[in-house]
Amino acid sequence: MRTIDIPRNEHGQVRVFSVSLPDGAAQTLENPGSLSTMLGADIDPQGVEVIRIADLDQIGLLGYLREGLDVQSETLDRDAAKLAALDGWVMLVYSTAFRGKAAVLNPALQLTLIGTYGETKPAQPEGPLTSEAAAPYSGHAQTTPPNPAGGRGAGAMVVAGLIVLGVLILWWAL
């Protein structure tokens, strides 16, 4: 049995496993006990998807990985024939399933690792920001807090409320 080493703090990786199980058994893989047993490691079930390829309709597994998960096109192109030939069920294991911990997977015989694919990383800014607003200490600090609006509005409202209350009491008493 081949083991798969997962490094600590791994992120942005998707492992695609082919699942060789009948429909009923494949559907039960989403519960935590089955996942841990099938992968041979304690994992977070929120980081795993079990998908029937027929449910992906027109987009297919290759399209789901490319469009839905934003997997790097060059790695998908390399394995396009393998991914297109898959049918039945697949299990997608994301890096989040390992909760940032190092792990060793011992997949069951019913799981075949098809490949590990990296998600596309967002482009990083090319150079330093040159805007004056980006310079440190470029904001205008207020040394004194603003004064609240002065006036007798609140006091006048209290007096008016008391007068109305007094009129209502007199009206009710008569």
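In the predicted model, V14 stands opposite Y117 of strand β6. Helices (H or I, at least four residues) and strands (E, at least two) are DSSP runs, numbered from the N terminus. Strands β2 and β6 run antiparallel and are joined by seven bridges; two strands are taken to pair if DSSP finds at least two bridges between them. Residues are numbered from 1 along each chain as its sequence is written. Because the model is predicted, local features need pLDDT of at least 70 and side-chain atom pairs count only at pLDDT 80 or more, whereas totals for chains, interfaces and linings use all residues; side-chain values use heavy atoms, with hydrogens and water left out.

The pairing of β2 with β6 belongs to an open sheet of four strands, in the order β3-β4-β2-β6, with antiparallel pairing. Strands β3 and β6 (111-118) stand at the edges with a single partner strand each, so one side of each has no neighbour in the sheet. The twist from one strand to the next averages 20°.

Within strand β2 (residues 13-19) lies R15. This residue counts as buried because its relative accessibility is 5% (buried: under 20% relative accessible area; exposed: over 50%; partly exposed in between; 1.4 Å probe, protein chains only). The side chains of R15 and E10 are joined by a polar contact of 2.9 Å. A polar contact is a pair of N or O atoms within 3.5 Å; within protein, one must be able to donate a hydrogen and the other to accept it, and residues adjacent in sequence count only if both atoms are side-chain atoms. Beyond four places in sequence, the residues touched by R15 include I4, I6, M91, V93, F98 and L113, contact meaning heavy atoms within 4.5 Å.

The largest nonpolar core has 22 residues, and those with the most contacts inside it are F17, L39, I43, V48, M91, V93 and L105. Such a core is a set of buried Ala, Val, Leu, Ile, Met, Phe, Trp, Tyr and Cys residues joined through side-chain atoms within 4.5 Å. Two or more residues are given to this core by each of β1 (4-6), β2, α2 (32-39), β3 (48-52), β4 (89-94) and β5 (103-105). Apart from this core lies another, of 18 residues, among them L56, V71, L83 and V90. Leaving aside neighbours within four places in sequence, V93 is in contact with R15, F17, L39 and V48, among others.

Helix α2 lies across β2, β3, β4 and β6, at about 90° to β4. Axes are lines fitted to C-alpha atoms, for helices over the stretch in contact, and angles run from 0 to 180 degrees between N-to-C directions. The buried residues of α2 are S34, L35, M38 and L39. Seen down the helix axis, these residues fall within an arc of 115°, so they line one face of α2; the arc is that of the directions from the helix axis to the C-beta atoms. Their cover includes β2, β3, β4, β5 and β6. Just after α2, G40 takes a positive phi of about 70°.

Helix α3 lies across β2, β3 and β4, running at about 15° to β4. In α3 (residues 60-68), G60, L61, G63, Y64 and L65 are buried, and the elements covering the buried residues include β2, β3, α4 (73-78), α5 (80-85) and β4. Just after α3, D70 takes a positive phi of about 55°.
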